Amino acid sequence: MGNKTDRIIGTPFSATATKALMLGSGELGKEVVIEFQRYGLEVIAVDSYENAPAMQVADRSYVASMLDGEKLAEIIRSEKPDFIIPEVEAIATDTLIELEKEGFNVIPTANATKLTMNREGIRTLAAEKLGLSTSPYRFAGSKEEFDAAIEAIGFPCVVKPIMSSSGKGQSVVKSADDIDHAWRYALEGGRGKSDRVIVEGFVDFDYEITLLTISHVDGVSFCEPIGHRQEGGDYQESWQPQAMSEKALAEAQRIAKAVVEALGGYGLFGVEFFIKNDQVYFSELSPRPHDTGMVTMISQDLSEFALHVRAVLGLPIPNIHFHGPAASSVIMVKGESTQVAFGNLGEVLKETNTQVRLFGKPGVNGERRMGVCLARANSVDEARDKANRASSSVVVKL
């Protein structure tokens, strides 16, 4: 690339086009596509179902399973993108490693995507190779190993599939009566072909955070820490900044920088931690924008999506301006419909410094996150109240 700032971007749909290909096209990918479009890239979106959110703003799209390596390789070799952006956990990572050897640019790297695809890879890297503080844990690939892991870790403990998203398959085991159900639930909720699970010791934490960490051409930068509340392992609301001691924040930044540098490549990483007083425990990492980071669409001049794209393009990030306390509150829809409609938006947006994002997902079957309300205020508590008032005012019609 020559010097640090000579990124050249061509004209879409011409021989000079600079192309980005999204593997996974959900609501986070949609915002990434929009940011790429601002720089004049030609963007291709791929997902396992038609009319996914990112497909609606991309230049063209393909429907394919993220685990079908042969099909993904066919699409990628045909499109010849400059950047391949994985947006989901369960993906044919061996194919990405092959393609990277052919010269394709996987973000942040194919190996980072493989290591973070499942909890086993990233936990092993953090705890065993980097020596970072984590909760006690064991992995299990059979019921016998699972029972042994539960016995070794003790009650209470948390059971998760090594590959899952939005809390699927996750449960707390409080006694022997919960063991069989936790095993079955983890297998049902896992993504991909793996039947392995992680059994984690329950960390008595005060709060948990997401530390958005950006590896870019000028080094490593951090956003203000994000606090969040989950139900059933799925985020319901997030806020920024999460109040924490200088010591705990410095330690979280040290750990995040160590893990991100070990993984390599440019981009934004969502690094999750449990915090107890000043003690910091590494939990998980996503090598891409994080759902709890949607709050940055109102809290910062550069959202997590804008930061991710700048980093991917090798462009400088001299500063990240924080506007002030902000919060996000999700719009969850329960039911079954392929024609969901949203109303009462005048009421939703009547307060100052309030925004809404409707993801445009083509349908719901059970429970699905379909949008998010964003708010900024003079304090985190005020912002949370405002965002929650907004999301609860949305009228959903199935």
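Me: What makes helix 6 oblique to helix 7 in this predicted model?
Reply: Their axes, lines fitted to C-alpha atoms over the stretch in contact, cross at roughly 125° and come within 11 Å. Angles between N-to-C directions run from 0 to 180 degrees; under 35 is roughly parallel, over 145 roughly antiparallel, 65 to 115 roughly perpendicular, and the rest oblique. So helix 6 is oblique to helix 7. As for the ground rules, this is a predicted model, where local features need pLDDT of at least 70, side-chain atom pairs count only at pLDDT 80 or more, and totals for chains, interfaces and linings use all residues. Residues are numbered from 1 along each chain as its sequence is written, and side-chain values use heavy atoms, leaving out hydrogens and water.

Me: Which residues of helix 6 and helix 7 meet?
Reply: From helix 6 it's Lys 143, Phe 146, Asp 147 and Ile 150, and they meet Ile 179, Asp 180, Ala 182 and Trp 183 of helix 7. Contact here means heavy atoms within 4.5 Å.

Me: Why is the pair of Tyr 137 and Phe 139 called edge-to-face?
Reply: Rings pair if their centres lie within 6.5 Å, and planes under 30 degrees apart count as stacked, over 60 as edge-to-face, the rest as tilted. These centres are 5.5 Å apart with planes at 65°, so edge-to-face it is. Phe 273 and Phe 282, at 6.2 Å and 80°, are edge-to-face too.

Me: How do you know whether Phe 282 is buried or exposed?
Reply: Buried means under 20% relative accessible area, exposed over 50%, partly exposed in between (1.4 Å probe, protein chains only). Phe 282 has 0%, so it counts as buried.

How values were computed: Helix = DSSP H or I, 4+ residues; strand = E, 2+ residues; numbered from the N terminus. Phe/Tyr/Trp six-rings, centres within 6.5 Å; stacked < 30°, edge-to-face > 60°.
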